[in-house]
Amino acid sequence: MPAYATNMRMKFPIVALAFEMVTIILFAVFVVYDDGKREEHGGHGGHGGHVAPSNETNLELVRMDLYPMFQDVHVMIFIGFGFLMTFLKRYGFSSVGINLLLAAFGLQWGLLMQGIWGMDGGKIKINIFKIINADFSTATVLISFGAVLGKTSPVQLLIMTLMEITIFSLNEHLVAEILHANDVGASMIIHAFGAYFGLAVARVLYRPGLRNGHDNDGSVYHSDLFAMIGTVFLWMFWPSFNSAIAEPGMDQFTAVINTYLSLAACVLSAYALSSLVEHKGKLDMVHIQNATLAGGVAVGTCADMSIGPFGAMLIGTVAGIISTLGFKYLSPVLASNLGIQDTCGVHNLHGMPGVLGGLAGIVAVALGKKKGGKAAMQAAALASSLGFALVGGAVTGLIMKLPFWGQPPDQNCYDDSLYWEVPEEEEEHEESLAHTDHSKNKAEP
Amino acid sequence: MPAYATNMRMKFPIVALAFEMVTIILFAVFVVYDDGKREEHGGHGGHGGHVAPSNETNLELVRMDLYPMFQDVHVMIFIGFGFLMTFLKRYGFSSVGINLLLAAFGLQWGLLMQGIWGMDGGKIKINIFKIINADFSTATVLISFGAVLGKTSPVQLLIMTLMEITIFSLNEHLVAEILHANDVGASMIIHAFGAYFGLAVARVLYRPGLRNGHDNDGSVYHSDLFAMIGTVFLWMFWPSFNSAIAEPGMDQFTAVINTYLSLAACVLSAYALSSLVEHKGKLDMVHIQNATLAGGVAVGTCADMSIGPFGAMLIGTVAGIISTLGFKYLSPVLASNLGIQDTCGVHNLHGMPGVLGGLAGIVAVALGKKKGGKAAMQAAALASSLGFALVGGAVTGLIMKLPFWGQPPDQNCYDDSLYWEVPEEEEEHEESLAHTDHSKNKAEP
Amino acid sequence: MPAYATNMRMKFPIVALAFEMVTIILFAVFVVYDDGKREEHGGHGGHGGHVAPSNETNLELVRMDLYPMFQDVHVMIFIGFGFLMTFLKRYGFSSVGINLLLAAFGLQWGLLMQGIWGMDGGKIKINIFKIINADFSTATVLISFGAVLGKTSPVQLLIMTLMEITIFSLNEHLVAEILHANDVGASMIIHAFGAYFGLAVARVLYRPGLRNGHDNDGSVYHSDLFAMIGTVFLWMFWPSFNSAIAEPGMDQFTAVINTYLSLAACVLSAYALSSLVEHKGKLDMVHIQNATLAGGVAVGTCADMSIGPFGAMLIGTVAGIISTLGFKYLSPVLASNLGIQDTCGVHNLHGMPGVLGGLAGIVAVALGKKKGGKAAMQAAALASSLGFALVGGAVTGLIMKLPFWGQPPDQNCYDDSLYWEVPEEEEEHEESLAHTDHSKNKAEP
């Protein structure tokens with residue numbers, strides 16, 4: 001069918017290399033190592049209104065003290081998000097492989113887009129704090145990727161990465177530097193933003209042909225175990241995600257403790273609800289893989305506020321409940337009534353818990369849990385994040401819908417073999433369970 | 001059969017939510033962030049007789065310096081233990097999933113139980129040191145979980161978690177604060193305790209119907225590879241486990257080096273013995289997955305003592321040998337003669353190596369390798385740990401044996417599908433190798 | 001066939017235990033904990049010409065500050081290399097299991113061989129810096145292992161480990177202490193050395209019978225996903241590999257940033273080229289698993305030089321291109337024309353990118369990007385590394401070719417079941433797809 005020119009042989013290499021070349025040129029012109037000296041006193045493009053520690057006294061801190069936390073975040077981005085999406089039975093190559101591609105491009109683009117707002121002497125000075133933020137910027141794309149997983153081509157997704165990180169950086173700057181709102185763990189500016197951006201794209205790319213599901217839109221036993229690798233690494237390192245760019249000292253410490261406790265409580269409520277709503281009280285892997293993480297999303301905005309250990313646990317408990325209920329009852333309605341086909345259920349993991357986190361932040365600031373915070377600014381930040389996400393996602397979706405990006409036809413959705421060389425054995429297994437396999441010789445064909 | 005009401009729909013959600021609610025209430029009353037100020041001078045609930053560094057000078061240390069080691073321990077608890085148990089062909093969801101559930105509840109309960117002994121102004125002050133210890137407390141449960149893996153319901157296991165951590169905290173307090181014994185890497189108070197507690201539970205829950213084995217009590221090729229993820233992460237981060245709560249400086253450094261070397265030597269002896277005892281000299285995955293870790297267990301008590309690099313290597317070598325021999329020759333005897341069905345062979349990985357560690361500690365202290373240590377107190381600590389484990393495990397086993405906790409019937413043991421929604425494909429594959437799979441639609445049913 | 005006495009029952013345990021016993025004795029005589037005091041002022045056996053920071057002022061640094069980076073490197077060695085090689089459909093046990101064995105022995109042997117050159121008062125003083133270097137020494141073996149994967153016995157590989165680390169340590173000492181060349185990320189002394197050493201061994205062990213490939217020399221769907229665990233962990237932690245032993249401060253920071261950026265750019269070019277050269281523009285998992293890492297190899301020598309962020313990205317881009325092209329066009333030629341059967345394609349991941357890194361280092365030093373560096377010494381270091389590798393590999397290959405080490409016959413290559421107990425189900429599945437499996441009872445046979 002001519003409308004579906006899914007052969008990537010020219011399109012994909014040209015787009016990927018062009019993006020990289022432009023990026024390298026921009027780096028050559030604008031990006032230098034941070035030597036710790038400052039010409040102007042400006043923000044650092046950090047999200048959540050935090051700036052890097054002042055330079056003279058804390059030079060070493062700028063340099064390497066954040067490095068272990070950077071690596072935790074790095075693991076969340078590349079292993080966490082990548083493997084979380086491998087639950088689909090025949091889409092694991094794309095899940096972990098395209099995740100790597102998008103994040104690798106996204107972090108370079110994020111360094112530029114976030115760096116624009118904190119240039120010093122006309123230069124973007126790169127340091128550990130900045131590469132943490134660049135990793136964060138890619139998280140928005142990976143969340144949106146979850147909403148359209150299995151239904152988009154690599155070229156479409158590279159375009160989405162470019163657009164989304166650009167728009168994200170705008171909103172981030174507005175929230176942090178203009179509104180001076182608090183969002184240390186980014187419930188609003190990453191999770192809610194990424195989810196609603198992705199849902200808007202999914203809405204524009206709505207496929208009536210998948211209304212009744214698709215044979216490949218499901219898991220097999222071992223694909224669910226691969227996905228648990230992603231879940232558990234996200235779960236473990238989330239305290240680093242929510243505290244990495246917090247003010248060093250008590251704030252950062254508080255963010256760690258709150259996130260640790262919120263996630264622990266969330267596990268109990270997610271398991272309980274999963275059993276409660278499922279046939280014969282059985283646990284559902286979809287809930288376990290996703291809803292157990294909702295506590296990390298929802299406590300994000302308040303993470304560095306003195307909400308008390310039990311406050312964090314309450315937020316986590318509620319997040320686990322609404323996330324599980326969302327998977328069970330809301331996602332089917334969104335798909336059938338609103339035309340929003342959300343492959344990974346990002347609305348339940350990032351969307352609703354992100355909004356919950358934003359709302360909790362408004363309440364916490366109103367109750368004086370954050371020195372200098374203003375509830376109105378928190379509300380404005382939430383509104384801004386949702387607005388940028390929905391409008392930005394819709395526009396991006398329209399661009400992605402242009403007919404020459406190689407979008408897969410309905411019958412080839414959720415199938416790696418359209419864009420990847422897949423071992424033959426697997427296909428045989430599928431078709432006839434023939435017993436020999438002649439997978440191609442890997443290194444020496 | 002009415003005796004096996006394995007439907008979890010009411011029982012499990014009620015127990016899980018009730019446990020969480022009680023925990024949150026106790027946190028609201030008793031737990032606050034550690035602000036570094038102290039009203040009283042007391043112990044910190046740490047195991048091994050170590051207290052946190054004094055507060056004035058080392059405030060930052062209390063706060064975040066231990067954070068990278070905390071994350072290593074966290075990975076051991078959630079990825080290490082979780083994936084180590086995925087070796088069973090159809091029990092991977094439970095292994096990694098119930099591991100997450102028990103550890104998430106256990107760390108909250110552990111913070112309370114351990115915190116009781118070091119309250120300050122009527123409050124439990126939570127910090128990084130304390131959350132490392134809370135993670136440790138869950139390790140005992142996860143070890144015991146290995147002994148009863150595949151033969152217990154989630155409700156039974158939640159009850160075991162509550163009981164075991166409570167009893168563990170008592171023994172830990174006795175060993176560290178009353179006996180002033182050394183056990184920095186917790187050979188006695190975690191490994192031996194967790195193993196013998198679990199074996200006592202397994203004895204009480206003895207199933208004559210499984211005397212001749214069970215079809216599902218074995219691995220498949222890829223389940224053994226998933227288990228190796230657990231093995232390798234445990235192996236790599238064990239130096240952090242044994243040194244995380246050591247005295248900063250030379251002691252902590254020594255604990256890292258000793259554990260690193262003991263584990264390296266243990267690998268060689270475990271591989272050698274596995275080949276020696278097996279048919280045609282082939283390696284056995286059970287030994288490789290488990291006995292390679294025995295060196296980390298056995299060097300635990302002595303880890304921060306100046307036993308010399310070669311001393312650590314000797315301990316590791318011996319541990320690898322006795323662990324492998326235990327899997328080959330002792331486990332079958334325990335099962336057939338003593339009615340102790342030890343699914344993961346925790347007696348060989350944690351039990352005997354833990355006792356070996358305790359004995360090595362007695363010898364090392366007697367030889368003056370630890371300033372201020374007393375051999376008699378070391379012996380008392382070992383006896384106490386074994387005593388609390390056996391009695392506590394037996395009592396807990398009796399409670400778990402009550403007929404309304406949804407324990408699985410013999411024929412459904414080692415099978416996820418009793419408590420989990422399992423992708424249909426897998427079941428078909430099992431029954432008829434039918435070639436199509438209609439796994440349920442995940443997010444949009 | 002009597003020539004292939006592949007039964008390991010005596011050979012393997014004897015060799016493994018003998019190696020370990022000799023090692024422990026040498027440790028008892030020569031190795032002590034580093035107490036921070038120095039009798040002589042000597043080098044620390046570090047590669048790349050770096051010595052550990054001076055002792056008085058930076059005692060704590062020597063002790064524990066490098067520990068998080070050590071753990072990152074540790075993960076690369078044991079998870080990264082181990083799982084990267086699990087791509088073969090029936091060789092996963094050996095890939096991750098023998099990787100563990102070789103690295104566990106290698107790090108002990110490396111501590112001795114590297115320590116010889118920096119003895120203090122007749123003792124090798126072990127510290128975190130030294131165990132990072134010991135981990136590095138094992139990387140050379142694991143790279144060479146990739147070239148001969150599936151075609152060698154565990155005994156042959158233990159002998160290779162002993163030989164290769166001994167020769168590596170010689171070359172490392174020459175490059176770092178005699179030539180005073182720079183190679184902080186070890187493009188030359190680890191990657192090029194390990195690759196050409198392995199290729200020389202593979203050449204000596206050439207198997208005409210595998211000229212037309214082998215049924216088992218290929219992947220299945222899930223084995224490719226296991227391999228991606230290795231790829232992604234290597235990719236994420238490579239900045240630690242290239243910076244762990246750099247001079248603390250700006251040099252170390254620069255090494256992190258350069259590596260991070262080189263790898264990100266490399267992903268784009270590897271993906272683009274994979275699509276460009278493959279049938280219908282599809283991505284090839286072999287390229288994605290390997291060529292995405294070439295940027296980390298190639299930027300190694302220059303990592304701590306002020307080549308500029310865009311300079312690092314250019315190196316990464318070029319590395320991704322030549323690595324992918326190597327897999328596609330060069331590996332088949334090497335196999336058919338030169339008799340070099342390179343199972344994992346280490347020539348493309350470590351060989352060519354390592355040489356590229358060495359050349360980039362010569363240029364960068366010539367351009368004054370490293371204070372005090374001399375281009376001629378860089379060139380000599382590259383030549384030395386290649387010379388030691390080729391000669392050392394050939395000699396080692398000849399020793400490995402002796403007929404009593406249990407080398408597998410052609411038809412049993414790439415097959416775990418020769419040296420491992422493999423679950424029966426797997427074999428049945430292979431032969432007849434019979435539907436029941438009677439895997440042996442694991443802990444209680």
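Two residues are taken to be in contact when heavy atoms of theirs lie within 4.5 Å. In this predicted model, 82 residues of chain C are in contact with 80 residues of chain B. The area buried between these two chains is about 6700 Å², and carbon and sulfur atoms supply 71% of that area.

On the side of chain C that touches chain B, the elements giving two or more residues are helix 1 (11-30), strand 1 (31-33), helix 2 (59-65), helix 3 (67-84), helix 4 (92-115), helix 5 (128-148), helix 8 (221-243) and helix 15 (424-431). Helix 4 of chain C gives the most, with twelve residues. By residue class, this side of chain C divides into 48 nonpolar, 17 polar and 17 charged residues.

The interface of chain B and chain A was examined in turn. Here the contact takes 82 residues from chain B and 81 residues from chain A. About 6700 Å² is buried between chain B and chain A, with 71% given by carbon and sulfur atoms. The count of salt bridges between chain B and chain A is zero, while 16 residue pairs are in polar contact.

Among the elements of chain B that give two or more residues to the side touching chain A are helix 1 (11-30), helix 3 (67-84), helix 5 (128-148) and helix 8 (221-243). The most comes from helix 4 of chain B, which gives twelve residues. The residues on this side of chain B comprise 48 nonpolar, 17 polar and 17 charged.

Conventions
Residues are numbered from 1 along each chain as its sequence is written. Chains are lettered from A and ligands numbered from 1 in the order in which they are written. This is a predicted model: local features need pLDDT of at least 70, side-chain atom pairs count only at pLDDT 80 or more; totals for chains, interfaces and linings use all residues. Side-chain values use heavy atoms; hydrogens and water are left out. Buried area is the accessible area (1.4 Å probe) that two parts lose on being put together, summed over both. Helices (H or I, at least four residues) and strands (E, at least two) are DSSP runs, numbered from the N terminus. Ala, Val, Leu, Ile, Met, Phe, Trp, Tyr, Cys and Pro count as nonpolar, Asp, Glu, Lys and Arg as charged, and the others, Gly among them, as polar. A salt bridge is a side-chain nitrogen of Lys or Arg within 4 Å of a carboxyl oxygen of Asp or Glu. A polar contact is a pair of N or O atoms within 3.5 Å; within protein, one must be able to donate a hydrogen and the other to accept it, and residues adjacent in sequence count only if both atoms are side-chain atoms.
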